[in-house]
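Try each task on your own before reading its solution.

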Amino acid sequence: MKREIIQTSDGSSTIYIKDLDEHYHSKHGAIQEAYHVFLKSGFFPFLKNNKIEELSILEIGLGTGLNAFITFIEAENLELKVRYDGVEAYPVSMEEVKLLNYVEELKVLDKQSIFLQMHESEWETYQFISENFQLKKRKQFFDEIENINTFNLIYFDAFGARVQPELWEVSIFQKMYNALKANGVLVTYAAKGSVRRAMQEVGFEVERLPGPPGKREMLRAVKKG
């Protein structure tokens, strides 16, 4: 399906799939959404509530690499060790990557090479993006994930249930629950009642949080230890 680069309301770019009428990030602001959902509602609260030496993160839908990139930036500021797995069945091309303006919009021109390195790095093996940040890109479908008690935090950033309802079912959230360590956290932009109930069915404790610009609510789920 044809993908095109468009600009969102905060000036940052995203990818739009016309055939699905679906965006990789919110049209109300790609960077704003990424920070609100995954950093401010997941990354920072987890670190505040848990003392750990290394944070392990699983991203469901690596896509443009924006979530991984802003996590890298914030982890470097904190001098935090991070092991980051990004799952993506349909990788973005380097031609598309070079059209994304995240480095400019985040005002981190000195990290242009890092953003490109993330996309150019080898798949299926951990690569050191920096001394403290390891990235493993995994080309697989979400229903193929078989990790057990591996991750502290999951960024669940799949395409919406409107276009891919099979990614938001009980069977997928069971895999997410299994993949998390005790007291692990999953955050997602989604807020549908069916999604919340699917999370609860597999054992998550779920709370509604204020959503990013353009969205009233989002969900955060915890695997209680």
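**Exercise 1.** Find which residues of α1 meet which residues of α2 in this predicted model, and describe how the two helices cross.

*Solution.* 
- Step 1: Start with the contact itself. From α1, the residues A30, I31, A34, Y35, F38, L39, F43, F44 and L47 take part, and they meet L66, N67, I70, T71, E74, A75 and L78 of α2.
- Step 2: The contact of α1 with α2 holds 13 nonpolar residues, two polar and one charged.
- Step 3: Look at the axes. Those of α1 (residues 30-49) and α2 (residues 66-78) come within 10 Å and cross at roughly 45°.
- Step 4: Name the arrangement. That angle makes α1 oblique to α2.

**Exercise 2.** Is S41 buried or exposed, and which residues does S41 contact beyond its neighbours within four places in sequence?

*Solution.* 
- Step 1: Locate S41, which lies in helix α1.
- Step 2: Apply the cut-off. Buried means under 20% relative accessible area; S41 has 7% relative accessibility, so this residue counts as buried.
- Step 3: List the partners. With neighbours within four places left aside, S41 is in contact with H36, V187, L209, M218 and R220.

**Exercise 3.** Work out which strands pair with β11, and why β11 is largely enclosed.

*Solution.* 
- Step 1: Take β9 (residues 180-188). Its pairing with β11 is antiparallel and runs over four bridges, with L219 as the bridge partner of T188.
- Step 2: Take β10 (residues 205-210). Here too the sense is antiparallel, over six bridges, and V206 has A221 as its bridge partner in β11.
- Step 3: Inspect the hairpin of β10 and β11. Six residues lie between the strands, and G214 takes a positive phi near 90°.

**Exercise 4.** Give the strand order of the open three-stranded sheet and say which strands stand at the edges.

*Solution.* 
- Step 1: Read off the order, β1-β2-β3, with antiparallel pairing.
- Step 2: Find the edges. β1 (3-7) and β3 (22-23) each have a single partner strand, so one side of each is left without a neighbour in the sheet.
- Step 3: Examine one pairing. β2 (residues 13-17) joins β3 over two bridges in the antiparallel sense, and Y16 stands opposite H23 in β3.

Conventions: Residues numbered from 1 in each chain as written. Predicted model: local features only at pLDDT ≥ 70, side-chain atom pairs only at ≥ 80, totals over all residues. Heavy atoms only, no water. Buried < 20%, exposed > 50% of the residue type's maximum accessible area, 1.4 Å probe, protein only. Pairing = 2+ DSSP bridges. Axes fitted to C-alpha atoms, helices over the stretch in contact; angles between N-to-C directions. Parallel < 35°, antiparallel > 145°, perpendicular 65-115°, else oblique. Left-handed = near helix turned anticlockwise from the far one by under 90°. Contact = heavy atoms within 4.5 Å. Nonpolar A, V, L, I, M, F, W, Y, C, P; charged D, E, K, R; others polar.
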